[in-house]
Amino acid sequence: MSRYPGRPGRLALRAGSLAAALGLWQLLTALDVDLWLRFSQFPTVTDVARTFAGRLSGPDYWTDLTDSLTRIVTGFLLAAVLGVATGVLVARSRLAEDVLGPVLEVVRPVPAIALVPVAILLFPSNEQGIVFITCTAAFFPVLVSTRHAVRALSPVWEEATRTMGGGRRWILGAVVLPGALPGIFGGLSVGIGVSWICVISAEMISGQYGVGYRTWQDYTIVDYPGVFVGMVTIGLLGWLTSTAVELAGRRLTRWLPRTSYVPGAGSAPGPAAPASAASASPAPEAVEPEEARREHLV
C-alpha cells in the first residue's frame, strides 16, 4: 500500500517543481532557443537574480513596495467592508435588490481598469484614484459571493433562531454572517487577486512610484531583467496576500466540518474488501454523522 508523502515530502516536491521550472528557464534562455517561442529575447535567471539583488540594496525598491502594498490593503479593506455589507443587504432585502440590483449589474461587467479616466476626473490625486480602482476591482467578487452565500443559507436556521426569541440583529450576527463566511472568503480570495491585477495596471497608467510604475519604466528603457524583477515581485506579493486571506478564512471558519481528505494523510486505495463485508449494510450510527454533516454544510 503506497502512501502520499507527508508534509516534508510535499514541501520538497513543491521546491523541486519550482527549481525545475527555473532550470528550464535558464537552459532555454542560455542556449538562445528559438523554435516557435523566442527565448533568445528573454533574460536568463542569473541576469534577473543579479538585477534583483541590486534592487534590494537600493531605497527605490522598498519605496515602490510600500506604496503598492498601501494601495492594495486600503482598497481591498474598503472593498471587503462595502462588498459584504451590500451583498447581505441585497440578499435579504427586496427593496435593496430592486433599487441597487440594476445599477450594480450594469456597472459590474465594466473592467475596473477602464475606470481610470473616471478616477482621474473624480479624484484630485492619482493616489486616491488608484485606491478607487483597486476597491472597485475587489468589490464585485466580494459582493456576488456574499449575495449567493447568504441566499444559499437554510431557512431552518433562521426559523429556529426566531423560535428561541432572536431578533434581526441576533439573526444577522449569529446565523447569517457565520453561515455565509465560507462563501464570503471565497469572494475575498478572488478579490485580492483581481485587486493586484488592477492596481499594477493603474500604476502603469497614472501612478507615481509603485511596483507597476517601476515595471513599466523598466520596459520603456528596455531593461528586461528589471521587468522580470517587477513580475517576480508582483507574484510574490500576490501569493503572500492571498495566503493571508486564506489563513484568516480558515481561522474564522474552524468551527465548520472539514472534508475527509487531509493533505499528507491520504493513502492509496487498498485491496478490495470481501464480498460479505461489501454487501453488508452500514450501521445507523455510521450513517447519522455523515447525514448531519451534509445538512450542516447546506
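## Aromatic pairs

Two rings of Phe, Tyr or Trp (for Trp, the six-membered ring) count as a pair if their centres lie within 6.5 Å; planes under 30 degrees apart are called stacked, over 60 edge-to-face, and the rest tilted. With that rule in hand, a search of the whole structure turns up eight aromatic pairs. One of them joins Trp-25 and Phe-228: it is tilted, with 5.5 Å centre to centre and 40° between the planes. This pair links distant parts of the chain, since Trp-25 sits in helix 1 (residues 7-30) and Phe-228 in helix 10 (residues 224-252), 203 residues apart. Phe-228 is buried at 13%, whereas Trp-25 is partly exposed at 21%.

Tyr-61 and Trp-62 make an edge-to-face pair, 5.3 Å centre to centre with 90° between the planes. Tyr-61 is buried, with a relative accessible area of 13%, while Trp-62 is partly exposed at 42%. There is also a group to look for: Trp-25, Phe-39, Phe-42 and Phe-228 form one aromatic cluster.

## About the model

Keep in mind that this is a predicted model: local features need pLDDT of at least 70, side-chain atom pairs count only at pLDDT 80 or more, and totals for chains, interfaces and linings use all residues. Residues are numbered from 1 along each chain as its sequence is written, and side-chain values use heavy atoms, with hydrogens and water left out.

## The whole chain

How many helices and strands are there? The chain has 12 helices and zero strands. Both kinds of element are DSSP runs numbered from the N terminus: helices are H or I with at least four residues, strands are E with at least two.

Of the 298 residues in the chain, 33% are buried. Contact means heavy atoms within 4.5 Å. Among contacts in the chain with a separation of 6 or more, 72% are between residues 24 or more positions apart.

## The nonpolar core

In soluble globular proteins, nonpolar side chains tend to be buried together. A nonpolar core is a set of buried Ala, Val, Leu, Ile, Met, Phe, Trp, Tyr and Cys residues joined through side-chain atoms within 4.5 Å. The largest one here has 47 residues, of which Ile-133, Leu-188 and Trp-196 touch the most other members. Elements that give two or more residues to this core include helix 2 (45-56), helix 6 (126-151) and helix 8 (168-206). Helix 8 gives the most, with 14 residues.

Now find Ile-133. Leaving aside neighbours within four places in sequence, Ile-133 is in contact with Ala-112, Val-116, Ala-119, Cys-198 and Ala-202. Cys-198 is itself buried, at 8% relative accessible area.

## Thr-86 and the cysteines

Thr-86 belongs to helix 3 (residues 59-92) and is buried, with a relative accessible area of 18%. A polar atom of the Thr-86 side chain lies 2.7 Å from the backbone oxygen of Leu-82. Beyond neighbours within four places in sequence, Thr-86 is in contact with Leu-100, Leu-104, Phe-139 and Leu-143.

How many disulfides does a search of the whole structure find? The search finds zero, where a disulfide is a pair of cysteine sulfur atoms within 2.5 Å. Cys-135, for its part, is buried at 12% relative accessibility.

Definitions and conventions. Buried means under 20% relative accessible area, exposed over 50%, partly exposed in between (1.4 Å probe, protein chains only). A polar contact is a pair of N or O atoms within 3.5 Å; within protein, one must be able to donate a hydrogen and the other to accept it, and residues adjacent in sequence count only if both atoms are side-chain atoms.
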